[in-house]
Amino acid sequence: MWPAYPQACIPALLNCLPPRDELLGYLETFQCRAPSCSFPHMPDEITAIEVERFLSDSQKNAETFPDMLALLFAALAQGSQNGVFDKCGGKWVEGAMEAESKKGDVYGKKMIGLF
């Protein structure tokens, strides 16, 4: 997808992040839903305050703390896939799960690409 050196891949990965409001929405869903599904212990680094701090200088912080960027992509993947029911107003909407699963898969693959 892009060269595997920080000067090229970090900007490309940061461009894959959704807009801030959408990102924080996925993060909120992750915090509400993920503990019961796949994260029995919620990482302290993935709070809204820490994510905002990371995003305040995302380029520098991603270079310094690539693990935080990977954790952010993991939270996005889980938040998008685990929040479909809530996002659809508590109803099962045909096709909604598939669309969000595709988003979650993209974020998950980005996270794997960091390692």
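## Asparagine 61

Asparagine 61 lies in helix H4, which spans residues 58-64. Helices here are DSSP runs of H or I with at least four residues, strands are runs of E with at least two, and both are numbered from the N terminus. This is a predicted model: local features need pLDDT of at least 70, side-chain atom pairs count only at pLDDT 80 or more, and totals for chains, interfaces and linings use all residues. Residues are numbered from 1 along each chain as its sequence is written, and side-chain values use heavy atoms, with hydrogens and water left out.

Asparagine 61 is buried, with a relative accessible area of 14%. Buried means under 20% relative accessible area, exposed means over 50%, and partly exposed is in between (1.4 Å probe, protein chains only). A polar atom of the asparagine 61 side chain lies 3.0 Å from the backbone oxygen of phenylalanine 54. For the backbone oxygen of arginine 53, the distance to a polar atom of that side chain is 3.3 Å. Leaving aside neighbours within four places in sequence, asparagine 61 is in contact (heavy atoms within 4.5 Å) with Arg53, Phe54, Ser56 and Pro66.

## Helix H3 and phenylalanine 54

Helix H3 covers residues 48-56, and its buried residues are Val51, Phe54 and Leu55. Seen down the axis of H3, these fall within an arc of 95 degrees, so they line one face of the helix. The arc is that of the directions from the helix axis to the C-beta atoms. On the other side of H3, Ile49 and Ser56 are exposed.

Phenylalanine 54 also reaches beyond its sequence neighbours. With those within four places left aside, the contacts of phenylalanine 54 are Asn61, Ala62, Phe65, Met68, Leu69 and Leu72.

## Nonpolar core

The largest nonpolar core has 22 residues. Such a core is a set of buried Ala, Val, Leu, Ile, Met, Phe, Trp, Tyr and Cys residues joined through side-chain atoms within 4.5 Å. The residues with the most contacts inside this core are Leu17, Leu23, Ile46, Val51, Phe54, Leu69 and Leu72. Helices H1 (6-16), H2 (20-37), H3 and H5 (66-82) each supply at least two of its residues. H5 gives the largest share, seven residues. In soluble globular proteins, nonpolar side chains tend to be buried together.

## Whole chain

The protein chain has seven helices and zero strands. From the N terminus on, its elements run α-α-α-α-α-α-α. Of its 115 residues, 37% are buried. Among contacts with a separation of 6 or more, 62% join residues 24 or more positions apart.

The chain exposes about 6,900 Å², and carbon and sulfur atoms supply 57% of it. These areas come from the Shrake-Rupley method with a 1.4 Å probe; for residues, only the protein chains shown count as cover.

The structure holds zero disulfides (pairs of cysteine sulfur atoms within 2.5 Å). Cysteine 9 is buried, at 14% relative accessible area. Cysteine 16 is partly exposed, at 25%.

Glutamate 63 sits in H4. It is partly exposed, with a relative accessible area of 44%. Lysine 87 belongs to helix H6 (residues 84-87). It is exposed, at 51% relative accessible area. Between the C-alpha atoms of lysine 87 and threonine 29 the separation is 9.2 Å, although 58 residues part them along the chain.

Conventions: A polar contact is a pair of N or O atoms within 3.5 Å; within protein, one must be able to donate a hydrogen and the other to accept it, and residues adjacent in sequence count only if both atoms are side-chain atoms.
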